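Walk me through this protein from its overall fold to its local contacts. Start with the layout, then turn to the details.

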Amino acid sequence: MNIVMLLIPLMLMLVALGILLFSWAVKSGQYDDLDGPAHRILHDDDKDLIPTEARLPKRASKDNQVRSRSENPPDNPH
């Protein structure tokens, strides 16, 4: 019975602490936008930031790659 007298106030203090931490998180904006950062990383918005001379050339289509392989076979060192 003595343990119950100790655990009930301890439980009430922990619940009060949880409510205070939750209210602080809500007030500080922790729950404002949950999906925005997850979707924002998928958008490729840095194309304009890369200088034109540093951009990689576009890849050729698969048909052109197959033709170039058959026209120019690789050198075999063996």
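**From fold to contacts**

Along the sequence, the protein runs α-α-α. That makes 3 helices and 0 strands. Helices (H or I, at least four residues) and strands (E, at least two) are DSSP runs, numbered from the N terminus. This is a predicted model, in which local features need pLDDT of at least 70, side-chain atom pairs count only at pLDDT 80 or more, and totals for chains, interfaces and linings use all residues. Residues are numbered from 1 along each chain as its sequence is written, and side-chain values use heavy atoms, with hydrogens and water left out.

Confidence comes next. The pLDDT (the predictor's confidence in each residue, from 0 to 100) averages 78 over the protein, and 68% of the residues score at least 70. Among the elements, helix 1 has the highest mean, 96, while helix 3 (residues 62–71) has the lowest, 54.

Helix 1 covers residues 2–27, 26 residues in total. Its first and last C-alpha lie 39 Å apart, close to the 38 Å expected. That expected span is 1.5 Å times one less than the number of residues. Just after helix 1, G29 adopts a positive phi of about 90°.

The structure holds 1 aromatic pair. F22 and Y31 form it, with 5.8 Å centre to centre and 40° between the planes. Rings of Phe, Tyr and Trp (its six-membered ring) pair if their centres lie within 6.5 Å; planes under 30 degrees apart count as stacked, over 60 as edge-to-face and the rest as tilted. The F22–Y31 pair is tilted.

Why does Y31 count as partly exposed? Its relative accessibility is 47%. The cut-offs are under 20% relative accessible area for buried, over 50% for exposed, and partly exposed in between (1.4 Å probe, protein chains only). D33 sits in the loop between helix 1 and helix 2 (36–40). D33 is also partly exposed, because its relative accessibility is 44%. Of the 78 residues of the protein, 3% count as buried.
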